[in-house]
Amino acid sequence: MGILGGVLLAQTEGDFSNWMKQVAKSNGALKGAVAAKDAKAVATEAKALDAAFASVEAYFKSHNMTDAEGMAKAVHANTTKLATAAAAGTIDEAAATAVGGSCACCHSAHREKGADGAYKIK
């Protein structure tokens, strides 16, 4: 447990930024895959989102950001549901919508633009 805790605390805002870039990329591709009714592509992007949100959830937990952790946990639950359904050939459009619609709430609560134009966690 101590090693895991050390790994979680070692996560940086740079790691977080990389996960968010992956989320943006995969979420865009997910929207296109859902619209095209391409379950294989939905599964691929849902798995990428699932992995990213597992890390995001752990990051928020390790930084004692309880509300953000809860938001990430909800998204992670939907990405898992979406990936599972898509792997079986079904597209869970409600889960896809929930994933895509979750960004603004967390961003408004925990994202700010610095004087240099770069976004930071607040």
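**Entry 1: Glu69**

I looked up Glu69 and found it buried (under 20% relative accessible area, with exposed over 50% and partly exposed in between, for a 1.4 Å probe and protein chains only), yet without a salt bridge. I took a salt bridge to be a side-chain nitrogen of Lys or Arg within 4 Å of a carboxyl oxygen of Asp or Glu. The nearest side chain of opposite charge is that of Lys61, 4.5 Å away; Lys and Arg count as positive, Asp and Glu as negative, and His and the chain ends are not counted. Glu69 is found in helix 4, helices being DSSP runs of H or I with at least four residues, numbered from the N terminus. Leaving aside residues up to four places away in sequence, Glu69 touches Glu57, Phe60 and Lys61, where contact means heavy atoms within 4.5 Å.

**Entry 2: Basis**

I note that this is a predicted model, in which local features need pLDDT of at least 70 and side-chain atom pairs count only at pLDDT 80 or more, while totals for chains, interfaces and linings use all residues. Residues are numbered from 1 along each chain as its sequence is written, and side-chain values use heavy atoms, with hydrogens and water left out.

**Entry 3: Salt bridges**

I searched the whole structure and found two salt bridges. Lys37 pairs with Glu93, the closest N and O atoms being 2.9 Å apart. Lys37 lies in the loop between helix 2 and helix 3 and Glu93 in helix 5, so the pair ties together parts 56 residues apart in sequence. Lys37 is exposed, at 57%, whereas Glu93 is partly exposed, at 40%.

Asp92 forms a salt bridge with Lys81, with closest N and O atoms 3.8 Å apart. Asp92 is buried at 16% relative accessibility, and Lys81 is partly exposed at 48%.

Key. Helices (H or I, at least four residues) and strands (E, at least two) are DSSP runs, numbered from the N terminus.
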